[in-house]
Amino acid sequence: MFAESLIRSSGLTETFGTVTLEAMASGLPLVAYDYAAAGQYVRHGKNGLLAGYGRTDDFTAMAGELAARHSDNPEAFRTIGRNTRLTAESLDWKHVVRQLEALMFAIT
């Protein structure tokens, strides 16, 4: 079923983006706004599609584009899903701690 094949996070107020990371961990292609976690971790066209923050027309068009890829080019659709999973796998605690340490050392 296609509805279970992608995630579209339409919220504008989620402060970090748990839905984004959960979708990525599930290996699902996603459409999100270029904001918060999605803006930090989604690479447009590689592991998801990003619409400008608050650009609902673009967001809707990209959801349609992703749906078209599902039916017209299933391998490209699956590749995006695999890439989302690989991104999520790289965000383990070691990665988070390294980022935090780098930020802390940058301000000292």
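**Entry 1: Thr20 and helix H1**

I started at Thr20, which lies in helix H1. I take helices (H or I, at least four residues) and strands (E, at least two) as DSSP runs, numbered from the N terminus. The model is predicted, so I read local features at pLDDT of at least 70 and side-chain atom pairs at pLDDT 80 or more, while totals for chains, interfaces and linings use all residues. Residues are numbered from 1 along each chain as its sequence is written, and side-chain values use heavy atoms, without hydrogens and water.

Is Thr20 buried or exposed? Thr20 has 5% relative accessibility, so I count it as buried. Buried means under 20% relative accessible area, exposed over 50%, and partly exposed in between (1.4 Å probe, protein chains only).

I then looked up what Thr20 touches, leaving aside neighbours within four places in sequence. Thr20 is in contact with Leu30, Ala37, Ala38 and Val42. Contact here means heavy atoms within 4.5 Å.

Thr20, Ala23 and Met24 are buried in H1. They cover an arc of only 100 degrees around the axis, so they sit on the same side of H1. The arc is that of the directions from the helix axis to the C-beta atoms. After H1 comes Gly27, with a positive phi near 75 degrees.

**Entry 2: the chain as a whole**

I stepped back to the overall layout. The protein chain has 5 helices and 3 strands. Along the sequence, the pattern is β-α-β-α-β-α-α-α. The protein chain has 108 residues, and 31% of them count as buried. Among the contacts in the protein chain with a separation of 6 or more, 44% come from residues 24 or more positions apart.

**Entry 3: nonpolar cores**

Which residues make up the largest nonpolar core? I list 11 residues: Ala23, Met24, Leu30, Ala32, Ala37, Ala38, Tyr41, Val42, Leu50, Ala88 and Leu91. A nonpolar core is a set of buried Ala, Val, Leu, Ile, Met, Phe, Trp, Tyr and Cys residues joined through side-chain atoms within 4.5 Å.

Helix H1 (18–25), strand E2 (30–33) and helix H2 (36–41) each give two or more residues to this core. H2 supplies the largest share, 3 residues. Apart from this core lies another, of 10 residues, including Tyr33, Ala51, Phe59 and Ala63.

I also checked Leu50, a member of the largest core. Beyond its neighbours within four places in sequence, Leu50 is in contact with Ala32, Tyr33, Asp34, Ala38, Val42, His44 and Met62.

**Entry 4: aromatic rings**

How many aromatic pairs does a search of the whole structure find? I noted 3 aromatic pairs. Rings of Phe, Tyr and Trp (its six-membered ring) pair if their centres lie within 6.5 Å; planes under 30 degrees apart count as stacked, over 60 as edge-to-face and the rest as tilted.

The ring centres of Tyr33 and Tyr53 are 6.4 Å apart and the planes stand at 70 degrees, so this pair is edge-to-face. The pair links distant parts of the chain, 20 residues apart: Tyr33 is in strand E2, and Tyr53 is in the loop between strand E3 (49–51) and helix H3 (56–72). Tyr33 counts as buried at 6% relative accessibility. Tyr53 is partly exposed at 44% relative accessible area.

The rings of Tyr35 and Tyr53 have centres 4.5 Å apart and planes at 35 degrees, so I call this pair tilted. Tyr35 is in the loop between E2 and H2, 18 residues apart from Tyr53. Tyr35 is partly exposed, at 38% relative accessibility. Tyr33, Tyr35, Tyr53 and Phe59 form one aromatic cluster.

**Entry 5: helix H3**

H3 has 17 residues. From first C-alpha to last, H3 reaches 24 Å, close to the 24 Å expected at 1.5 Å a residue. The expected span is 1.5 Å times one less than the number of residues.

Where do the buried residues of H3 fall? Phe59, Met62, Ala63 and Leu66 are the buried residues of H3. Seen down the axis, they fall within an arc of 105 degrees, so they line one face of the helix. The face turned away from the buried side of H3 carries the exposed residues Asp57, Thr60, Ser71 and Asp72.

**Entry 6: Asn83**

I finished at Asn83, in helix H4 (residues 74–89). Asn83 is buried, with a relative accessible area of 19%. Not counting residues up to four places away in sequence, Asn83 touches Lys46 and Asn47. A polar atom of the Asn83 side chain lies 2.9 Å from the backbone oxygen of Lys46.

Definitions and conventions:
A polar contact is a pair of N or O atoms within 3.5 Å; within protein, one must be able to donate a hydrogen and the other to accept it, and residues adjacent in sequence count only if both atoms are side-chain atoms.
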